[in-house]
Amino acid sequence: MNKLKLVFATNNKNKLKEVQAMLTNFEIVSLADINCFDDIAETAKNLEGNAKIKANFITEKYGLNCFADDTGLEVDALNNEPGVYSARYAGNESNAEENMKKLLNKLGNNSNRKAQFRTAIALNIEGKQYLFEGICKGTILSKEQGDSGFGYDPIFLPTGFNKSFAEMNLEDKGNISHRGKAIDKLVTFLNELT
């Protein structure tokens, strides 16, 4: 039986690997796999909006079933910053290191270190659109711990754990992460479809 093919609208190899590990019953391909090298502008004011923009772009241009996500780190003491700007918090050309540094500097010695990662997924399949959300609550560490993962993983300690996301293997992180929870909802939905 052929696996259902879905485009995951991302160029982030780490994200792709994470999602492929969770969606083994499907053929998950990236933007590069369909020769899409367009810069899809994420201009929405919220995560859901950006996920829809990316999914709609692929469906409209390539006519393919696809899903797109947008993820943000929302820090309680910073009025849910960086949120939708998580990937470019320290500027448009910033990297993960610069983004973490800005966040830690802004948070300073604030005792409220509560935060959550939130993922919104837009799925376009057979002419319809569906939205899924996943949240992982935790706290912001005062310094980096671990060297796997990506983005803010080294400074995010999920609630109930004594390891940062960057100290976890892909499977353990996937079981509790925001993206993992949103993908679980997506997988349940897709399994009911097939």
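How many nonpolar, polar and charged residues make up the lining of the second largest pocket? By class, that lining has five nonpolar, two polar and three charged residues. The model is predicted. This briefing covers its largest pocket, with a volume of about 1,000 Å³, and its second largest pocket, at about 160 Å³.

**Largest pocket**

- The volume of the largest pocket is about 1,000 Å³.
- The largest pocket is lined by 38 residues. Closest to its centre are Asn12, Lys15, Glu42, Asp70 and Ala87.
- Four elements each supply at least two residues of this lining: α1 (13-22), β3 (66-75), α3 (96-107) and α5 (178-193).
- β3 gives the largest share of the lining, with five residues.
- By class, the lining of the largest pocket splits into 13 nonpolar, 13 polar and 12 charged residues.

**Second largest pocket**

- The second largest pocket has a volume of about 160 Å³.
- Its lining includes Glu18, Ala21 and Met22. Leu170, Glu171, Gly174 and Asn175 also line this pocket. So do Ile183, Asp184 and Val187.
- α1, α4 (170-176) and α5 are the elements that give two or more residues to this lining.
- α4 provides the largest share, four residues.

**Elements that line both pockets**

Definitions and conventions. Residues are numbered from 1 along each chain as its sequence is written. This is a predicted model: local features need pLDDT of at least 70, side-chain atom pairs count only at pLDDT 80 or more; totals for chains, interfaces and linings use all residues. Side-chain values use heavy atoms; hydrogens and water are left out. On a 1 Å grid over the protein atoms alone, a cavity is a set of points where a 1.4 Å probe fits but cannot get out, and a pocket is an open set with protein on both sides within 12 Å along at least five of seven lines; lining residues have an atom within 4 Å of a point. Grid points are joined across faces, edges and corners, and a volume is the space filled by probe spheres set on the points. Ala, Val, Leu, Ile, Met, Phe, Trp, Tyr, Cys and Pro count as nonpolar, Asp, Glu, Lys and Arg as charged, and the others, Gly among them, as polar.
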